[in-house]
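Hi,

Here is the structure I promised to pass on. Have a look at it first, and then read my notes below.

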Amino acid sequence: MTFNDIFKSSFLDRIDAVPPLDAILALALACALGLFIVLIYKKTSTNVMHSTSFEATLVALTLITTLVILAVSSNVLLSLGMVGALSIVRFRTPVKEPMDIVFLFWCIAVGIVLAAGLLFLAVVGCIVIGLVLLIFANTRTMDRPFMLVVRCSGETVDTAERAVEALVASNTKRHVLKAKDRSAAGEGTGALDLTYEVRLKDGETAFIDALCAIEGVGDASLVSYNGDYLG
């Protein structure tokens, strides 16, 4: 055993396991693609208020995944240890939107593909996925469901109900009666609440004024929703 063997460091031997240029290029591209994913998230999210912490998470997750896979790919023993370490991690943060899970997996996939050296696949895959999400987001916006709530009262409740049904049918692409609540105040009298799920024609909402003009209709409300809250 020589003097050099005594002070030999296995840690320093692995310092160049991943070429610095490869690491810098992979991390820079991971950051760029992470920002691209954030841009798609902003364009397709249904939330009016965007969470800046979640947007930062998307970029950081892409970078972290790339960094981990670069390290794992350089050492088989490290990869086995990483699997054991990650197996004890438990994520308990609830994800409210199903699409948020898609973006999280997208970031992880991009990081893995980049660290594997498949740069072309990572870039093209991001562009294709982004375009698909944008197309579906635009389609969803054009055919957004609304909840229409109409309250009828007075002596002409039954007549008002028929008039409301006819007007809603003629001014919407599709309508479904979700709820009908009526107070027991006698035949043809009392209060009647009608709740419809409707699909508007070209986003036209002027028929609300016509609904309010019907005799016996007290008020009418049109509320947008994402289709997940009511069955």
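Strand β3, residues 191–200, is mostly covered, with 8 of its 10 residues buried. Buried here means under 20% relative accessible area, while exposed is over 50% and partly exposed is in between, using a 1.4 Å probe and protein chains only. Helices (H or I, at least four residues) and strands (E, at least two) are DSSP runs, numbered from the N terminus.

Before you go further: this is a predicted model, where local features need pLDDT of at least 70 and side-chain atom pairs count only at pLDDT 80 or more, though totals for chains, interfaces and linings use all residues. Residues are numbered from 1 along each chain as its sequence is written, and side-chain values use heavy atoms, with hydrogens and water left out.

Back to β3. Strand β1 (residues 145–153) pairs with β3 in the antiparallel sense over 9 bridges, and strand β2 (residues 172–182) also pairs with β3 in the antiparallel sense, over 9 bridges. Two strands pair if DSSP finds at least two bridges between them.

Why does Thr172 count as buried? Because its relative accessibility is 4%. A polar atom of the Thr172 side chain lies 2.7 Å from the backbone oxygen of Val168. Leaving aside neighbours within four places in sequence, Thr172 is in contact (heavy atoms within 4.5 Å) with Val198, Arg199, Leu200, Lys201 and Phe207.

On the helical side, take a look at α4, residues 52–73. This helix has 22 residues and reaches 32 Å from its first C-alpha to its last, close to the 32 Å expected at 1.5 Å a residue; the expected span is 1.5 Å times one less than the number of residues. Buried residues in α4 include Phe54, Leu58, Val59, Leu70 and Val72, but also Glu55 and Thr62.

As for the whole protein, there are 9 helices and 4 strands, and along the sequence they follow the pattern α-α-α-α-α-α-α-β-α-β-β-α-β. Of the 231 residues, 29% count as buried. Among contacts between residues at least 6 apart in sequence, 75% join residues at least 24 apart. The accessible surface comes to about 14800 Å², of which 66% belongs to carbon and sulfur atoms; areas come from the Shrake-Rupley method with a 1.4 Å probe, and for residues only the protein chains shown count as cover.

Cheers

Definitions and conventions:
A polar contact is a pair of N or O atoms within 3.5 Å; within protein, one must be able to donate a hydrogen and the other to accept it, and residues adjacent in sequence count only if both atoms are side-chain atoms.
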